[in-house]
Amino acid sequence: MIQRVLSAVVLLPLVVVCVWWSFWSFTLLLVAAAALGLSELYAAFSRGGYQAQTAPGMGAAAILIGVSIIRALTALDLTAPALALIVMVSLAMFAPRHAQHGVVAEWALTISGAIYIGGLLGFLVLMRALETPLRDGLLAPLQPQPGAAWIALVLMTTWGQDVFAYFVGKRWGRRRMAPSLSPRKTWEGAAGGMVGALAGAFVALALFGLPLSLWATTLIGIAAGIVGPIGDLSESFIKRQAGLKDAGTLIPGHGGVLDRIDSLLFTAPTVYMLALLLAG
C-alpha cells in the first residue's frame, strides 16, 4: 500500500501538469504511455508463448495516434485510410516469412495490440483538443482550457471508479465477480466503483463547469463505472493467457503502465463519444 501511495504521489503531479499545460505536453505524455504500454503488452504475449513484432507494432500505433493528432488539429479524419495502410504494409512485411508456422497469428497479435493501445489512447488526443466553452466552475479563476477539463472528467471518473472499487472491495467484498480472470474483484467492489465514477463525474463538473446537465453527468458517470471494470478485466484476460499477475514492474505498487491505463483505454472512447452527444 505504501508503495502504491508513493507512486501516485510522484506520478499524479506529472500527469496534472501535462494535462493542464497544453495539448502537446499531454500528447507527448500519451505517446510515452503508448510506447511503454505496447512494449509491456508484446512482452506479455512473449511470456505466454505468443509472438508479436515490436517495430511494425510501434509504427502502427504511431500512425493511429498521428491520425488522431491530425484530426484534432484539422478535423480531417484519416482513420480509415490509415487502417488500410497498416493492413497492407504489415501483410507485405510478414508475407516473406510465409513458410514459417504461426506467422499469421504473429501478424494478428502485432496489429491488434497496436490498435488496442494506440487506437484507443488516440481518443484522449481528440478529447484534449475539444474547445466547447466551459461554464463557471470552482476553478474558473484559473482559466482552465476546455480540453484539459474534459481530460480531467475522464481521469476522475476512471480513477474514482478504481479507488472506490479497491477500498470497498477490500473492506466488504464477498461475492467474486470473475474468479478465473481476477480473483480479488467482487460485485461489492464494483458497486463501490460505480459510486466512485459518479462522484468523479460530479466533482469534475463542479470544478471545471463542464457544459453538461445533471442527467448527462450521471449518464457519463454510470457509463465509466461500467466500461472501466470491463477494460480492467480485458487486460486481466490477456495476463491470464500469458500467466502473469502484472503486465510490468515499472510503477512500484501498481505494476506496469498497462496495468494503470487498462480501464482508461475503455473509458476514454466512451466518455469522448458521450461528450460529443451530450455537451451543450
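Colleague: Where does Val-195 sit?

Modeller: Val-195 is in helix H7, residues 187-208. Helices here are DSSP runs of H or I with at least four residues, strands are E runs of at least two, and both are numbered from the N terminus. This is a predicted model, where local features need pLDDT of at least 70, side-chain atom pairs count only at pLDDT 80 or more, and totals for chains, interfaces and linings use all residues. Residues are numbered from 1 along each chain as its sequence is written, and side-chain values use heavy atoms, leaving out hydrogens and water.

Colleague: Is Val-195 buried, partly exposed or exposed?

Modeller: Partly exposed, at a relative accessible area of 47%. Buried means under 20%, exposed over 50%, and partly exposed in between, with a 1.4 Å probe and protein chains only.

Colleague: Which nonpolar surface patch is Val-195 part of?

Modeller: One of about 620 Å², made with Met-1, Val-5, Val-9, Val-163, Phe-164 and Phe-167. Patch residues have over 30% relative accessible area and no salt bridge; nonpolar side chains (Val, Leu, Ile, Met, Phe, Trp, Tyr) are joined within 5 Å, like charges within 9 Å. The areas are Shrake-Rupley values with a 1.4 Å probe, and for residues only the protein chains shown count as cover.

Colleague: Which elements give two or more residues to the patch?

Modeller: Helix H1 (2-21) and helix H6 (146-172). H6 gives the most, with three residues.

Colleague: Now the inside. How many residues are in the largest nonpolar core?

Modeller: It has 60 residues. Ile-117, Leu-124, Leu-153, Leu-210 and Leu-212 have the most contacts inside it. A core is a set of buried Ala, Val, Leu, Ile, Met, Phe, Trp, Tyr and Cys residues joined through side-chain atoms within 4.5 Å.

Colleague: Which element supplies the largest share of this core?

Modeller: H9, with eleven residues.

Colleague: What does Leu-153 touch, leaving aside neighbours within four places in sequence?

Modeller: Ala-201, Ala-204, Leu-210, Leu-212, Ile-220 and Val-271. Contact means heavy atoms within 4.5 Å.

Colleague: And Thr-270, where is that?

Modeller: In helix H9, residues 257-278. Thr-270 is buried, at 19% relative accessible area. Beyond neighbours within four places in sequence, Thr-270 is in contact with Ala-223 and Val-227. A polar atom of its side chain lies 2.8 Å from the backbone oxygen of Phe-266.

Colleague: Switching to charges. How many salt bridges does the structure hold?

Modeller: Seven. The rule is a side-chain nitrogen of Lys or Arg within 4 Å of a carboxyl oxygen of Asp or Glu.

Colleague: What does Lys-185 pair with?

Modeller: Asp-232, with the closest N and O atoms 3.0 Å apart. This pair links distant parts of the chain: Lys-185 is in strand E2 (residues 182-186) and Asp-232 in helix H8, 47 residues apart. Lys-185 is partly exposed at 23%, whereas Asp-232 is buried at 13%.

Colleague: Where do Glu-235 and Lys-239 lie?

Modeller: Both are in helix H8, four residues apart, about one turn of the helix. Glu-235 is buried at 2% relative accessible area, and Lys-239 counts as buried at 8%. Salt bridges with shared partners join Glu-235, Lys-239 and Asp-259 into one network.

Colleague: What about Asp-77 and Arg-71?

Modeller: Their side chains form a salt bridge at 3.8 Å, N to O. Asp-77 is partly exposed at 41%, and Arg-71 is partly exposed at 29%.

Definitions and conventions:
A polar contact is a pair of N or O atoms within 3.5 Å; within protein, one must be able to donate a hydrogen and the other to accept it, and residues adjacent in sequence count only if both atoms are side-chain atoms.
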